[in-house]
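Let's take a look at a protein with a ligand, and at how its charged side chains pair up. Have the picture open while you read.

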Amino acid sequence: VSDDVRRRCATVFGSDAEAYDRERPAYPAALVDALCARGGLTAGSRVVEIGCGTGKLTRALAARGLQIDAVDPSAPMLEIARRRVGADADVSFHAARFEDVDLPAGSFDAALSAAAFHWLDPRVSWSRAADLLRHDGLLGLLGQTDLWTDDTAHALTELRAALQRAAPDIAASWQPPRTLAAVRAGIEDRRGDFAEAWSWVEPHDVRDPAAAERFRDVRLDVAPVVLRRTADELIALLRTTSFHHRVNPEAWASLEDDIAALAHRLGGEIVTADAAIAVSALRV
Ligand SMILES: C[S@@+](CC[C@H](N)C(=O)[O-])C[C@H]1O[C@@H](n2cnc3c(N)ncnc32)[C@H](O)[C@@H]1O
């Protein structure tokens, strides 16, 4: 996305933070544990969380006893995060963009970010994360990707076609759905360049030379899941995405009709395969 779109979309989530918090899934414990194991993170380890939002990942990190600096520019998102993690958690919230926040260089064991790193300016994000980490510190990015499976290919193809009709220009930048084996192989092929790997698996180009220079050994952890959703459930989730804010209202209304019709054709539920992913690397 362009700088302009990135700046505009980065802030839309706070327009209905309660809906965001209600509809978006939490991150699988297995992925959080995999990141903690790789980073050698134990109670008291220092973590900067980038784009904490309503605290879905923050809660999981706080529950593991980590000492967290959580950064997000959105006041409504932070308000929910503060409430959710509670007074006992070792979390300092910073209402700021990660690019601008004032934190001590070289002092973090890990920098973690869920569904947020692509909203940062890539000319700053990779080098800023590296600057804050100690040597061998972990940068871990969590996200989600559609998966191609024989059982769900038809539903996914139909759903993607509906989304594409609503916003062909946006859909043009999406990655094709891949099998789990292809996702694994694609990250392995890009293990020397974190930004290349993340831009390959996410529908945003966040490439920058600092990623390859300052991080090593890119690795994927993955938790595949089959999702069964009614039209209403899927629409409620889609309304929390930046996609919703970029599609014009008439096209959005048609999309909701298309999704309702698709669910009806498929017997009431749209069943797709998906993977929660964690891509991580160590600071050089
Ligand atoms: C899709 S939400 C993800 C929130 C949370 N990490 C989660 O997984 O539910 C993206 C978040 O990134 C935040 N964000 C956008 N631009 C940012 C920036 N430059 N620095 C830090 N956070 C940013 C937004 O305010 C929003 O809360």
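## Charged partners and a wrapped ligand

Asp 136, Glu 188, Arg 191, Arg 216 and Asp 217 are tied together in a network of salt bridges. A salt bridge here is a side-chain nitrogen of Lys or Arg within 4 Å of a carboxyl oxygen of Asp or Glu. Before going on, a word on where this comes from: it's a predicted model, where local features need pLDDT of at least 70, side-chain atom pairs count only at pLDDT 80 or more, and totals for chains, interfaces and linings use all residues. Residues are numbered from 1 along each chain as its sequence is written, and side-chain values use heavy atoms, with hydrogens and water left out.

How many salt bridges does the structure hold? There are 25 of them. Side chains of opposite charge can pair when their charged atoms come close. Here are some of the pairs:

| Pair | N to O distance |
|---|---|
| Arg 6 and Asp 3 | 2.9 Å |
| Arg 97 and Asp 100 | 3.3 Å |
| Arg 191 and Glu 188 | 3.4 Å |

Why can Arg 6 and Asp 3 line up? They sit 3 residues apart in helix 1 (residues 3-9), so about one helical turn separates them. Helices are DSSP runs (H or I, at least four residues), numbered from the N terminus.

The cut-offs: buried means under 20% relative accessible area, exposed over 50%, and partly exposed in between (1.4 Å probe, protein chains only). In the next pair, Arg 97 is partly exposed at 33%, and Asp 100 is exposed at 53%. Arg 191, at 38%, counts as partly exposed, and so does Glu 188, at 45%.

Now for the ligand. Of the 20 residues around it, Tyr 20, Tyr 27, Gly 51, Asp 72 and Ala 114 come nearest; "around" means having a heavy atom within 4 Å. By class, this shell has 13 nonpolar, 3 polar and 4 charged residues.

A side-chain N or O atom of Tyr 27 is 2.4 Å from an oxygen atom of the ligand, and one of Tyr 20 is 2.7 Å from a ligand oxygen. With Ala 114, a backbone N or O atom lies 2.8 Å from a ligand nitrogen. The protein covers 98% of the 600 Å² of accessible area that the ligand has on its own (Shrake-Rupley method, 1.4 Å probe).

Conventions: A polar contact is a pair of N or O atoms within 3.5 Å; within protein, one must be able to donate a hydrogen and the other to accept it, and residues adjacent in sequence count only if both atoms are side-chain atoms. Ala, Val, Leu, Ile, Met, Phe, Trp, Tyr, Cys and Pro count as nonpolar, Asp, Glu, Lys and Arg as charged, and the others, Gly among them, as polar. Helices (H or I, at least four residues) and strands (E, at least two) are DSSP runs, numbered from the N terminus.
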